[in-house]
Amino acid sequence: MDGKVIAGLLVLFLLLFSPAPGITTVAPNGGLSNTTVTVTVEGKNFSKDTTVKLARAGEADIDGTAIQLISKKQLRCQFDLKGRKAGAWDVVVVRKKKSATLRSGFTIEDPVPQVAAITPGQAVLNSVAVITDLEGKNFRPGARVLLSGQRMDIGATNVKVLSNSQISCEFDLKNAAPGMYSVKVVNEDGKSGSLADAFLVENLGPTVLAIAPARGTAGTATAFELTGKGFRPGATVSLLKSGAEIRATQVNVVSDSRMVGELDLAGKATGIYDVKVTNDDGKSGTLTEGFTLEYPGPRVDSVQPRGGSRGTTIEQLTLVGKGFRPGATVSLTGKDGTIQATEVKVSGDEQIRCRLDLADAPVGNYDLVVRNDDGKSATVDGGFAVEYPGPALQAVRPQNGQIGTTVDKVTLDGAGFRPGASVTFVGKDRKIAANDVKVINDNLIVCRLNLEGAAAGGYDVRVANDDGKAAELRGAFVAEYPAPTVTLVQPANGVADTIVVSVDLAGTGFRPGATVVFSNDRTTLSVLRPQVVSPTRITGIVDLKDASAGTYDVKVTNTDGKSGVLKNGFTVKSLEPSVKGVTPDRGFNNGKVLLTISGANFDSGSTAKLVGNNGGISLPGLNLKLEGASKLSGYFDIKDQPPGQYDVVVTDSRGRSGVLKDGFTVEVFVPSALELNERLKAIYFDFDKANLRADQLASAEQNLAILQANPQLYILLGGHTDERGSQEYNLNLSRRRSEAVQEYLVRQGIDPKRITIYAYGKEHPLKPGHDEEAWALNRRVDILVGEAPPTREQGLQFQDQ
């Protein structure tokens, strides 16, 4: 039987009858979901290529890592359980595509929650405590939160597990017992953690709802009445603000909801005060900003000047009166808004000087208001008047328009525009009145402008109010011809190296003197002798000699610099070669390969090459044969060339090239173990000797080169003897012969872990017989390689081959 067939049957036998693994126990058989656990798996038929995983329906497998084979019955590995679902998982062991499963052999558990802090840590009885930050760890979605006290437990609502270390929730403290409570978190699996005496429920203090009166005047004494709840006999009342306190006198707690007393406001600072009630147990309640202490209000006797023009600034407005205070403000209040004075200076309490900016002030009568820093004010009705100035024109948008069109929206920016204003565009030879003029406000006008029949050039823009006041912005608008458009080129393509091609362009807006170019990122071709036949047609000729192949934009430029482009409007075709395919498209780097290249525009002088390594490798075609303009065949020597993708390049007789990018792949030729075993030579020995003979060194070196070139393969050294001598002696002698070959290989750099030694003695002669010819062939060490550590029987099967 052929040796290769027997070897193949041997490999198939080993795959089919390799024993399946078994699994009996896993220790430990569980772990926490936030840890990495090391486990020991016990079973049978484990090997170095055995893998382990945890599996559960609906979940991604957890692959074992750092697998360590202890023995055929025991291995050790690690499982990363972080973020994995709690519950029972199957343990699966796989060896050579055969597997064993320990159902529910491993359990993942969630850790016990721990509570570290709660914020806030206290709340008032009968309130809802909003807990923004319950800190800890190992919190799980669906967790419950409790306050646990001596007399009652309070369950949280609106519980949100923000992360495994943070929870927010709410506690309804209505009718809760005052005192300290422990905070308890219970996960869905029933595991819980507590923080003892972490939350305080307090008694309610007094509540202040109102004080009457809520205002007082500095320098007076005022009786007051407070309403609220929770007032206790002996309570005190104070008015508080930053840096000041006013203590009430003759305080009388009429009931738990009413108090009366007096306030001495002489010499006290004005401002807004909080009203604070403090019970005899130290608990207090505050009505924030409940009382205002005021100065007497101001009075205005005269205003100079009494008016000003819109768009101007009154540098000094003088007010005379009484009760003005430092920090007072001055403003003009009209039906359309308020004008705030600036640079206000108070001289004593009888005079104010200030500045008024009327740049954007609406025209009309204004009330003049002086307001002190305490909010008290004085008003002079109609005390100041703002008049209209003339208009001012600052900008026109757009600044140009196309002749023969209507600009639907022209916007004028400026100041002093009034309803009924008109807009006129004044050119050198004519005036154009704007239509649909709309004064949006005194700073903005919009209108329409009809440029049908307008002369090209600049125009002054004039705005006139209904009172005759006008403003003009010179040269603010330009009437211009529209930019050309290119819609069609005929013909739409030409062939490179053509001397002259006549072209006909269609479009709009073509003007006498227009130029035409065809261009791309490499080449610009000017159209010669362009003729503007009409505003919609241009003719000319283009020289395509030396033009590069590709698409070109077609651009028409009028004498005013405006242009129009037809993107990719013209195509120059090339007759340069193109490469479309190669057969075969890959080959091993152990010799020459015959390739057939298909494409177009090949000629009798065409050459071909394979280009790889970014141009660093160029392999010319040999014995090239042209089979028409579309097929080229030849040999390419790819022996020992680096593997990878190579461009296929065909160059014609004029030096023009076509490329098929990454068209051919060079692959590494890797011989099989069976092929290598046929090349490995036995090492022969003298009678009763175990040292390497000098005439065997050449075979040993040949074997060494093969073994060094294939470091992934395992090595079997099978020692044999001739028939002379005892069985025991010959087993020992054959072992020593194998060790001699092993020592040679290791000394030359072969990893000893790859080598397996078997001593066969005299039981398996290569050539049966009782003469020196047979004995010489039987005194040997056979060498065999394989993809797995070879067995004793494999060495004998190789001998049979």
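Visitor: What span should the 21 residues of helix α4 have, and what is the distance between its end C-alpha atoms?

Guide: Helices (H or I, at least four residues) and strands (E, at least two) are DSSP runs, numbered from the N terminus. The expected span of a helix is 1.5 Å times one less than its number of residues. For α4, residues 727–747, that should be 30 Å, and the end C-alpha atoms are 30 Å apart, which agrees. Bear in mind that this is a predicted model, where local features need pLDDT of at least 70, side-chain atom pairs count only at pLDDT 80 or more, and totals for chains, interfaces and linings use all residues. Residues are numbered from 1 along each chain as its sequence is written, and side-chain values use heavy atoms, with hydrogens and water left out.

Visitor: Which residues of α4 are buried?

Guide: Buried means under 20% relative accessible area, exposed over 50%, and partly exposed in between (1.4 Å probe, protein chains only). In α4 the buried residues are Asn-730, Leu-733, Ser-734, Arg-737, Ser-738, Ala-740, Val-741, Tyr-744 and Leu-745. Seen down the axis of α4, they fall within an arc of 145° (taken from the directions from the helix axis to the C-beta atoms), so they line one face of the helix. As a general idea, an α-helix has 3.6 residues a turn, so residues three or four places apart point the same way. On the face of α4 turned away from the buried side sit the exposed residues Glu-728, Glu-743 and Arg-747.

Visitor: What covers the buried residues of α4?

Guide: The cover includes α3 (697–709) and the strands β64 (683–684), β65 (714–719), β66 (755–759) and β67 (780–786).

Visitor: In what order do the four strands of the open sheet stand?

Guide: Two strands pair if DSSP finds at least two bridges between them. Here the order is β64-β67-β65-β66, with mixed pairing. β64 and β66 are at the edges, each with a single partner strand, so one side of each has no neighbour in the sheet. α4 packs on this sheet and touches β64, β65, β66 and β67, where contact means heavy atoms within 4.5 Å.

Visitor: How many bridges join β65 to β67?

Guide: Six bridges join this antiparallel pair, and Gly-719 stands opposite Val-781 in β67.

Visitor: Is Asn-778 buried or exposed?

Guide: Asn-778, in helix α5 (residues 772–778), counts as buried because its relative accessibility is 3%. Leaving aside neighbours within four places in sequence, Asn-778 is in contact with residues including His-720, Thr-721 and Asp-722.

Technical notes: Axes are lines fitted to C-alpha atoms, for helices over the stretch in contact, and angles run from 0 to 180 degrees between N-to-C directions.
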